[in-house]
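Colleague: Could you walk me through this structure?
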Amino acid sequence: FGWLGRHRHYLGLPGTARHTELLFGTRSAVASPCLQGRLGDLCGRLPPPSDNPSRLLSDHSLFHYFTAFQTSSTIKMAKHDLIEDGGAKAFMKLGLAAFCVSARQTALRVCPECHRHQSCAVGIPTWLRSHQLPGSLVCSVHGLPLVTIPLRERGRHEFLCPPMDAPAQTPPAWNEGQRKILWEIACRQASLLDGTDRIRELHEWLPHYRELLASRA
């Protein structure tokens with residue numbers, strides 16, 4: 001989402017429909033901040049080495065996080081759907097399509113220090129995957145409270161960058177001891193994004209957790 005938001009910014013395209021059509025060959029592709037569909041169509045229009053849909057899904061989405069505890073068959077199905085189709089089947093199979101919740105994300109999060117570094121290093125801030133993980137309240141790199149940025153009036157097909165103005169740091173609602181715990185949680189969540197942990201079938205998880213508990217006894 002952030003990558004394609006920067007693409008739109010650098011091209012200077014004000015029209016959402018024109019940008020979506022340029023990327024996917026259709027104006028109906030839905031822009032998803034967490035798992036983007038139609039990656040095969042997108043990569044067919046990108047130059048090497050960005051034309052690999054599997055790598056795009058792995059390196060620029062929350063795919064590994066949402067599939068960390070899924071079976072190999074579910075992961076294969078979700079990957080195929082996100083690359084070849086719009087991703088609706090993947091969202092259903094992964095339990096992300098809760099109809100009682102608005103399907104359109106209305107806000108994303110940033111770390112003030114990451115925002116400052118990006119603005120100085122590359123001239124424009126972007127969204128980072130580790131900041132968008134459900135339940136992560138602090139930056140996994142700096143341990144600072146994440147700031148919520150509303151995506152005001154964003155359409156279903158629109159890719160956006162964070163605002164250029166640095167977000168104001170909010171005072172934490174926890175003490176230092178609690179912050180360290182939240183930081184550890186954020187780091188463990190972020191570690192799931194690289195997808196290097198071995199895929200386990202459902203029957204393997206209980207023995208795995210028992211082994212971890214035993215090792216810490």
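Modeller: Some local features of the structure follow. This is a predicted model, in which local features need pLDDT of at least 70 and side-chain atom pairs count only at pLDDT 80 or more, while totals for chains, interfaces and linings use all residues. Residues are numbered from 1 along each chain as its sequence is written, and side-chain values use heavy atoms, leaving out hydrogens and water.

Colleague: Which residues of helix α1 are buried?
Modeller: In α1 (residues 2-11), the buried residues are G2, L4, G5 and R8. Buried means under 20% relative accessible area, exposed over 50%, and partly exposed in between, with a 1.4 Å probe and protein chains only. Helices are DSSP runs of H or I with at least four residues, numbered from the N terminus.

Colleague: Where do they sit around the axis?
Modeller: They are on the same side of α1, because they cover an arc of only 165° around the axis. The arc is that of the directions from the helix axis to the C-beta atoms.

Colleague: What covers them?
Modeller: The cover includes α2 and α3, where contact means heavy atoms within 4.5 Å.

Colleague: What follows α1?
Modeller: G12 does, with a positive phi near 70°.

Colleague: Where is R38 placed?
Modeller: R38 is in the loop between α2 (16-24) and α3 (39-43). Its phi is also positive, near 60°, although R38 is not a glycine. Most residues other than glycine have a negative phi.

Colleague: Changing topic, where is Y209?
Modeller: Y209 lies in helix α10 (residues 202-215). Y209 counts as partly exposed because its relative accessibility is 39%.

Methods: Helix = DSSP H or I, 4+ residues; strand = E, 2+ residues; numbered from the N terminus.
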